[in-house]
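Subject: Structure for your review

Dear colleague,

Please find the structure below, followed by an account of what was found in it. I would be grateful if you read the two side by side.

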Amino acid sequence: MILVADSGSSSSDWMLNLPDSKPLFFKTKGLNPFFVSEKEIEKVMKDVPEIIPYSNEIKEVYFFGAGSITPDRREIVSNALTTLFPNAFISVESDLLGAAYATLKNDKGLVATLGTGSDISFYDGQNLLQSHHGIGYVLGDEGSGAWFGKRLITNYLYGTMPRDIAKIFGEKYRLTKDNVIKNVYQKDRPNSYLASFLPFIADNRLHPYIDKLLTEGFDEFVRTNIMTYPNYWEYSCNFVGRVAYTFDLHLRQVCQMHGVKVGKILASPIYDLFDYVIERETSNLSL
């Protein structure tokens with residue numbers, strides 16, 4: 001049995017191939033090792049009843065996750081999963097590599113994640129090239145859910161949000177400076193908290209203020225991330241994540257303005273990623 005995971009900071013999608021049955025799909029909280037510990041990952045997984053009957057039968061686990069970008073962070077995830085799946089080979093890679101497998105398979109191109117956070121790299125058909133991006137919600141994450149949430153909150157608290165939309169926002173969330181500071185600076189998963197305001201943006205996307213905010217966010221992502229790659233216009237840029245998928249019209253308009261060739265836009269890569277991994281491993285076994 002092979003278990004495949006695509007994990008962001010807010011949520012994770014999992015698929016397990018079952019003999020003589022359709023794959024088992026389930027979701028968990030996001031398992032970004034920058035925000036959750038080895039013990040927390042174990043606890044999250046032990047609370048998933050769907051997977052418990054198969055824990056000893058699973059032979060391979062392929063985990064692609066946000067934050068799994070350095071050996072020490074990958075080890076946090078790997079150690080937790082080894083405890084849960086003692087008979088399995090465990091592979092932990094970045095969510096960006098999983099996005100490349102899902103959208104490009106063995107072709108060359110740019111691949112970007114636009115979800116709670118954002119990142120980008122060039123995929124040569126086998127490997128991701130080293131990236132200078134993906135520096136997190138404090139320093140970067142342009143065009144991400146955290147970026148949009150941060151702009152929304154600061155505009156509201158500073159009183160620079162248009163009065164009509166500020167009234168709607170205030171009535172919905174009842175935010176105060178104190179509870180925002182507590183959630184951003186004192187509680188766990190501050191990036192997920194910032195991204196939690198995305199439904200408001202989606203519901204009010206036709207408002208001129210929100211329309212402009214979306215355009216500005218994607219413009220900053222394109223200029224800061226995509227356009228730093230030489231000859232970026234020669235390759236397709238593929239996007240994965242709920243921000244890219246939900247606001248694809250704004251994203252496409254900004255990309256077109258800058259001559260960016262848009263490839264696939266997936267809300268979640270799990271189905272395409274699962275198919276890619278199963279096909280690859282099946283082919284390896286037949287060699």
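Contact, as the word is used here, means heavy atoms within 4.5 Å. Helices (H or I, at least four residues) and strands (E, at least two) are DSSP runs, numbered from the N terminus.

This is a predicted model, in which local features need pLDDT of at least 70 and side-chain atom pairs count only at pLDDT 80 or more, while totals for chains, interfaces and linings use all residues. Residues are numbered from 1 along each chain as its sequence is written, and side-chain values use heavy atoms, with hydrogens and water left out.

Two helices in contact

In helix H10 (residues 208-224), Asp211, Leu214, Thr215, Phe218, Asp219 and Val222 meet His250, Leu251, Val254, Cys255 and Met257 of helix H12. Of the residues in this contact, seven are nonpolar, two polar and two charged; Ala, Val, Leu, Ile, Met, Phe, Trp, Tyr, Cys and Pro count as nonpolar, Asp, Glu, Lys and Arg as charged, and the others, Gly among them, as polar.

H10 and H12 (residues 248-257) pack at an angle of about 50°, and their axes are 9 Å apart. Axes are lines fitted to C-alpha atoms, for helices over the stretch in contact, and angles run from 0 to 180 degrees between N-to-C directions. H10 and H12 are therefore oblique to each other, a term for angles that are not under 35 degrees (roughly parallel), over 145 (roughly antiparallel) or 65 to 115 (roughly perpendicular).

Aromatic pairs

The structure holds 19 aromatic pairs. Rings of Phe, Tyr and Trp (its six-membered ring) pair if their centres lie within 6.5 Å; planes under 30 degrees apart count as stacked, over 60 as edge-to-face and the rest as tilted. The rings of phenylalanine 221 and phenylalanine 239 have centres 6.5 Å apart and planes at 55°, so this pair is tilted. Because phenylalanine 221 lies in helix H10 and phenylalanine 239 in strand E8 (residues 236-240), the pair ties together parts that are 18 residues apart in sequence. Phenylalanine 221 is buried, at a relative accessible area of 0% (buried means under 20%, exposed over 50%, partly exposed in between, with a 1.4 Å probe and protein chains only). Phenylalanine 239 also counts as buried, at 0%.

Two further residues

Leucine 110 is in strand E6 (residues 109-114) and is buried at 1% relative accessibility. Asparagine 183, in helix H7 (residues 177-185), counts as buried at 18%. Leaving aside residues up to four places away in sequence, asparagine 183 touches Pro190 and Tyr193.

Yours sincerely
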